Amino acid sequence: MAMLNGQTLTERQKGLAACACLMAQGDLERLEPAVRTALDNGVTINELKEAFSQLYAYTGFPRSLNALGVLNKVLENKQANWQEGKPWKRPEIWNDAAEALKQGTEVQTKLSGRAFDYDFCQQDDYYLKSHLFGDIFAGDQLSHADREIVTVAALSGLEGVSPQLAAHKQGAVNMGNSQKLVDELCAWLCAEGYTLSSTWPKGEPNTAYAQYFTGNSYLAVLDKTGLCNVTFEPGCRNNWHVHHGAVQMLICVAGRGWYQEWGKEPVELKPGVTIAVPEGVKHWHGAARDSWMQHLTYHANLQPGNSNEWLEPLTDEVYNKLR
């Protein structure tokens, strides 16, 4: 299978990923327009059927059937540019349990990077090998690389599945995707808000201050005291700036990012990290390259005539060194 090294995520792959993530979350309201967009961008009808069918193994039959129901509803107003795709055909190994087990074991070994035997529960070991990686992966609508994009996207939308998500991120590379593409996929899902599972409101585009930000940010004003929640998309950060006559408080509530004062080492922002920005100190803050970030902010110790002084942007050279 050809490797995808050096390529960026295509609109078709984004379509598959968006539909998979929303299907996993059971967000049928957002799934309907996502299905239309995916079909407009080259995903075929039969590929979506295959994706939603495969994902029952990860999300359960109810969400699989609900997603197929959304697809069926969308097709009531089928557009001329939507492609049916190659005809579905029954995989031959469905008639041979031994061959399904054999092929499934080979696929699982390649995906895992090693032989994987779940001896603790022989039932699940068999289901994984024979059914998931045998019966289901035997379909020819999606490549193995596509199947892992779909799986990573679906698991990214679920809570409590971190071990499986980590395994499938590596599995996506083993099945033919580049590491760059997998990283881009996860960052894109975050940037588009598909995996923004925070309970804090994302808010509206922060257009009033966009000139002072690299990348997109969103602002939600929470109360009359000036308490706000700011959401930074992956890679977004504000310019160097100074608060005169006030102490700015930052409380990271979701995602991961950075805070840095001029001349000092950067501080990683993770949920629960609180920063009191001293009055008159030059600094910046924003999201990590591969993660959105949300922080609450308000001002304390306000003095008469307090103000913000916006300065130069943080350079890509400095920002890209952060790990």
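**Close-up views of a predicted model**

**View 1. Strand 12 pairs with strand 4 and strand 7.** Within strand 12, Thr-297 is the bridge partner of Cys-228. Strand 4 (residues 228-232) and strand 12 (residues 293-300) run antiparallel, joined by 5 bridges. Strand 7 (residues 247-255) also runs antiparallel to strand 12, with 8 bridges between them. Here Ile-251 has Leu-296 of strand 12 as its bridge partner. Two strands count as paired if DSSP finds at least two bridges between them. Strands (E, at least two residues) and helices (H or I, at least four) are DSSP runs, numbered from the N terminus.

The model is predicted: local features need pLDDT of at least 70, side-chain atom pairs count only at pLDDT 80 or more, and totals for chains, interfaces and linings use all residues. Residues are numbered from 1 along each chain as its sequence is written, and side-chain values use heavy atoms, leaving out hydrogens and water.

**View 2. Helix 6 (residues 97-112) and its ends.** The helix has 16 residues, which at 1.5 Å a residue should span 22 Å. The expected span is 1.5 Å times one less than the number of residues. The end C-alpha atoms are 22 Å apart, which agrees. At the N-terminal end, Asp-96 is the cap: one of its side-chain oxygens lies 3.2 Å from the backbone nitrogen of Ala-98. Gly-113 follows helix 6 and has a positive phi, near 85°.

**View 3. The buried face of helix 6.** Ala-100, Gly-104, Val-107, Gln-108 and Leu-111 are buried. Buried means under 20% relative accessible area, with a 1.4 Å probe and protein chains only. Seen down the axis of helix 6, the buried residues fall within an arc of 100°, so they line one face. The arc is taken from the directions from the helix axis to the C-beta atoms. These buried residues pack against helix 7 (122-135), helix 8 (144-156) and helix 9 (162-174).

**View 4. Lys-14 in helix 1 (residues 11-25).** The side chains of Lys-14 and Glu-11 are joined by a polar contact of 3.2 Å. A polar contact is a pair of N or O atoms within 3.5 Å; within protein, one must be able to donate a hydrogen and the other to accept it, and residues adjacent in sequence count only if both atoms are side-chain atoms. Neighbours within four places in sequence aside, Lys-14 is in contact (heavy atoms within 4.5 Å) with Leu-9 and Trp-188.

**View 5. Cys-19, in no disulfide.** The whole structure holds 0 disulfides (cysteine sulfur atoms within 2.5 Å) by search. For Cys-19, the nearest cysteine sulfur is that of Cys-21, 10 Å away. Cys-19 is buried, at 0% relative accessible area.

Definitions and conventions
Buried < 20%, exposed > 50% of the residue type's maximum accessible area, 1.4 Å probe, protein only.
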